[in-house]
Amino acid sequence: DVKVTQSSRYLVKRTGEKVFLECVQDMDHENMFWYRQDPGLGLRLIYFSYDVKMKEKGDIPEGYSVSREKKERFSLILESASTNQTSMYLCASSGDGRDEQYFGPGTRLTVT
Amino acid sequence: GDSVTQMEGPVTLSEEAFLTINCTYTATGYPSLFWYVQYPGEGLQLLLKATKADDKGSNKGFEATYRKETTSFHLEKGSVQVSDSAVYFCALCTSSGNTGKLIFGQGTTLQVKP
């Protein structure tokens with residue numbers, strides 16, 4: 001079975017802190033994604049990566065950056081956390097362009 | 001741009017009732033269509049998928065048919081159980097080079113009462 005793991009299930013940070021969310025997949029997938037999930041808005045794509053060191057902006061990249069130094073690991077970085085970034089963050093991976101994506105359990109981030 | 005619209009929830013049903021969750025989409029080209037389910041406190045799991053027109057995806061008693069003429073992918077189950085209580089997301093996948101991007105509907109919460 002594909003396994004996507006995220007470093008924390010719950011995280012509480014203060015405004016202005018730099019925050020790192022880590023995601024690891026074990027299926028040698030080329031593509032990895034970061035979404036945020038908010039009530040009534042569904043999932044929105046923040047960034048994705050189709051290869052090591054490659055990244056593309058999704059629909060809501062402002063305030064975020066990403067890093068993919070190894071194929072299995074995709075990090076989401078909040079350079080200076082703000083309260084409007086309080087959300088559930090979901091990581092996903094897929095092996096091919098039209099394949100289904102496999103999701104991690106999510107990190108619920110609260111910024112105070 | 002591409003988009004997915006789901007019926008608003010919450011949907012509350014009694015056990016063994018028939019379930020329909022409507023999903024329509026707007027897309028250029030020929031997207032793949034998916035239903036994902038999210039149980040409380042968990043990430044999303046793929047429930048079923050269809051990759052071309054008239055395909056029927058099915059899993060765990062759930063079904064959905066890719067209807068190109070009506071741009072729909074409605075989710076159905078003949079007899080729901082309490083354990084089906086979850087949030088259901090319809091999504092389409094558009095390919096951009098080698099990478100597919102998922103576009104989600106806003107999700108529909110299903111609550112099944114005993």
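A polar contact is a pair of N or O atoms within 3.5 Å; within protein, one must be able to donate a hydrogen and the other to accept it. I wrote that down before opening the model, which is a predicted one.

**Entry 1: polar contacts between the chains.** I looked up the count for chain A and chain B. It is four residue pairs in polar contact, both residues at pLDDT 80 or more.

**Entry 2: chain A's side.** I asked which strands build the side of chain A that touches chain B. β4 (31–38) and β5 (42–51) of chain A each supply at least two residues. β5(A) gives the largest share, five residues. I then sorted that side by residue type. Ten residues are nonpolar, seven are polar and five are charged.

**Entry 3: extent of the interface.** I noted that 22 residues of chain A and 24 residues of chain B take part in the contact. Interface size is often given as the accessible area lost when the parts come together. For chain A and chain B I found about 1,800 Å² buried, with 49% of it on carbon and sulfur atoms.

**Entry 4: salt bridge.** I found one salt bridge across the interface. Its partners are Lys49(B) and Glu100(A), and their closest N and O atoms are 2.7 Å apart.

**Entry 5: Thr108(B).** Thr108(B) sits in strand β12, residues 108–113. Is Thr108(B) buried or exposed? Thr108(B) counts as buried because its relative accessibility is 0%, and the cut-off for buried is under 20%. Its side chain makes a polar contact with the side chain of Gln6(B), at 2.9 Å. Leaving out residues up to four places away in sequence, I listed what Thr108(B) touches; among them are Met7(B), Val11(B), Ile21(B) and Tyr88(B).

Technical notes. Residues are numbered from 1 along each chain as its sequence is written. Chains are lettered from A and ligands numbered from 1 in the order in which they are written. This is a predicted model: local features need pLDDT of at least 70, side-chain atom pairs count only at pLDDT 80 or more; totals for chains, interfaces and linings use all residues. Side-chain values use heavy atoms; hydrogens and water are left out. Contact means heavy atoms within 4.5 Å. Buried area is the accessible area (1.4 Å probe) that two parts lose on being put together, summed over both. A salt bridge is a side-chain nitrogen of Lys or Arg within 4 Å of a carboxyl oxygen of Asp or Glu. Helices (H or I, at least four residues) and strands (E, at least two) are DSSP runs, numbered from the N terminus. Ala, Val, Leu, Ile, Met, Phe, Trp, Tyr, Cys and Pro count as nonpolar, Asp, Glu, Lys and Arg as charged, and the others, Gly among them, as polar. Buried means under 20% relative accessible area, exposed over 50%, partly exposed in between (1.4 Å probe, protein chains only).
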